[in-house]
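Subject: Structure handover

Hi,

Here is the structure for your files. Please look it over before you read on.

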Amino acid sequence: MPDYSLLIDGQLIETERSFPVVNPATEEVIAACPLAEEADLDVAVKAARKAQLLWAATPYAKRQETLVAIADVIKDHKEELAKLLVQEQGKPLFDALAEISGAEYYTRYYASLELPVRVVEDNERQRVEEHRKPLGVVAGIVPWNYPFMIAVYKLAPAILAGNAFILKPAPTTSLTALRFGALIQGVVPKGVVQILSDNNNLGPLITSHAEIAKISFTGSTATGKAIMRSGADTLKRLTLELGGNDAAIVLADVDLDVVAPRLYAFAFSNAGQVCVAIKRLYVHDDIYDDVCARLAALAEKVTVGDGMQDGVRMGPLQNKMQFEKVLSLIDAVKKGEGDILTGGERLGEKGYFIKPTIVSNVREGSPLVDEEAFGPVLPVIRYTDIEDVIERANTSSYGLGASVWSSDTQRATEIARRLDSGTVWVNQHMILGPNIPLRGAKQSGVGVENAVEGFYEYTSPQIINIAKV
Ligand code: NAD
């Protein structure tokens, strides 16, 4: 019998089948997760369609109030949710608390947004208005790196716009989402939010379901492409936030006392499992050896361990598959593609821990540079010419984030504008916010998440054109 329940049509539903959830720090099974199947999805979609009609007719101010009530629930259960998140995701408690607070903050931000009618034209002949209607049933499919935050920042704008929302968490991190479902059961009208955990069986059924109007997906580029193909027959609306291989370009004039710790933090946050982490660090030849030495020293000082233990700054990789993938990228380096300055191996015998790893003298052509590692390993790549490094940074098929680091902010900004990424930071990286649109260029995504622009993606614009003559 599973320890958690699905949320379908306002009811907490136990399933016959379940699958184990493993704590990545101990490799112990911590819970049995309910396994939703096709029949559960069909019931959920039916309930969602019914609920959505009433919900869309509910006054906008009332929907805003519901978001505030959800934010209050998150706030009141912050500690509990954060501890559960540590157990299933692995991140240190401090970071888990930040993730839960972030979800609350994003929800309050959305609650403050209006959905105004835009007057396109108003003259003697006609008045043209653009209204924004809900799409119907929206599904959110989320990954395991920020499972709570990403789920909530899809759910909030989706229901505010008047849609019903079906959430499918990642199989290895469903518990926090399911607990959240139980907590908001009495806060959200039945059928407006439904939560279905799966073991990778439900995704294609959701993305091809004729009654689901839109998929908001965050995850890998490969899955994003599969979703686009699968959604084509029913012409799904899509928001795809996909993988990244962010380049950071460090000019020779930086103050390394300030910059080196920041570079380290923006590469190794969440054990490197961040879509917009620094994943390719390009450093000017003049300061290359100094930067490598400083990063290696910082990596050696970090306490790696179980996220529930005091003083731990970096947790394990979230799951076995990712752990093995990162180790295999490191193994390729050991075969002559670069020099491992520190790390380069697993830590301990239990848990998916990898020592923070700094690799020097590595270039494009190595899988560690060309692929998205998504783990605690950073390739540091030498350059001498700025035109050359801009070109190399832009060769990636990804285009999520990038950054430029220099004491000359104006010059750095000019370089930033030449990088082919949805976001380019200057003298920082990875800084996101609910009011800042998040977009992937090239194969890092389609559409936009967050901010007013992201909110509008949960709506269908409708022109009302009124003749005056
Ligand atoms: P993933 O693509 O393997 O899985 C993500 C989700 O998709 C899971 O819920 C999974 O069950 C589901 N899924 C798997 N196959 C599916 C299919 N055929 N149809 C529908 N759904 C399917 O990604 P992951 O490994 O969980 O996450 C890591 C990736 O996510 C990295 O590439 C990372 O860069 C990316 N990511 C991007 C952002 C962003 O905002 N751009 C944010 C976080 C993570």
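Below are notes on the ligand site, then on the helix packing.

This is a predicted model, with pLDDT of at least 70 needed for local features and 80 or more for side-chain atom pairs, while totals for chains, interfaces and linings use all residues. Residues are numbered from 1 along each chain as its sequence is written, and side-chain values use heavy atoms, without hydrogens and water.

Ligand site

The ligand is surrounded by 28 residues (a heavy atom within 4 Å of the ligand). The closest are Asn200, Ser220, Thr223, Leu242 and Glu372. By class, the shell holds 16 nonpolar, nine polar and three charged residues (nonpolar: Ala, Val, Leu, Ile, Met, Phe, Trp, Tyr, Cys and Pro; charged: Asp, Glu, Lys and Arg; polar: the others, Gly among them).

The side chain of Ser220 places an N or O atom 2.8 Å from a ligand oxygen. For Lys168, a polar side-chain atom is 2.9 Å from an oxygen of the ligand. Gly219 uses a backbone N or O atom, 3.3 Å from a ligand oxygen.

The ligand alone exposes 850 Å², and the protein buries 87% of that (Shrake-Rupley method, 1.4 Å probe). Helix H7 (203-207), strand S10 (214-218) and helix H8 (221-231) are the elements that give two or more residues to the shell (DSSP runs: helices H or I, at least four residues; strands E, at least two; numbered from the N terminus).

Helix packing

The axes of H2 (residues 60-76) and H6 (residues 175-184) come within 10 Å and cross at roughly 120° (lines fitted to C-alpha atoms over the stretch in contact; angles from 0 to 180 degrees between N-to-C directions). The H2 and H4 (residues 93-111) axes come within 9 Å, crossing at roughly 165°.

Regards

Notes
A polar contact is a pair of N or O atoms within 3.5 Å; within protein, one must be able to donate a hydrogen and the other to accept it, and residues adjacent in sequence count only if both atoms are side-chain atoms.
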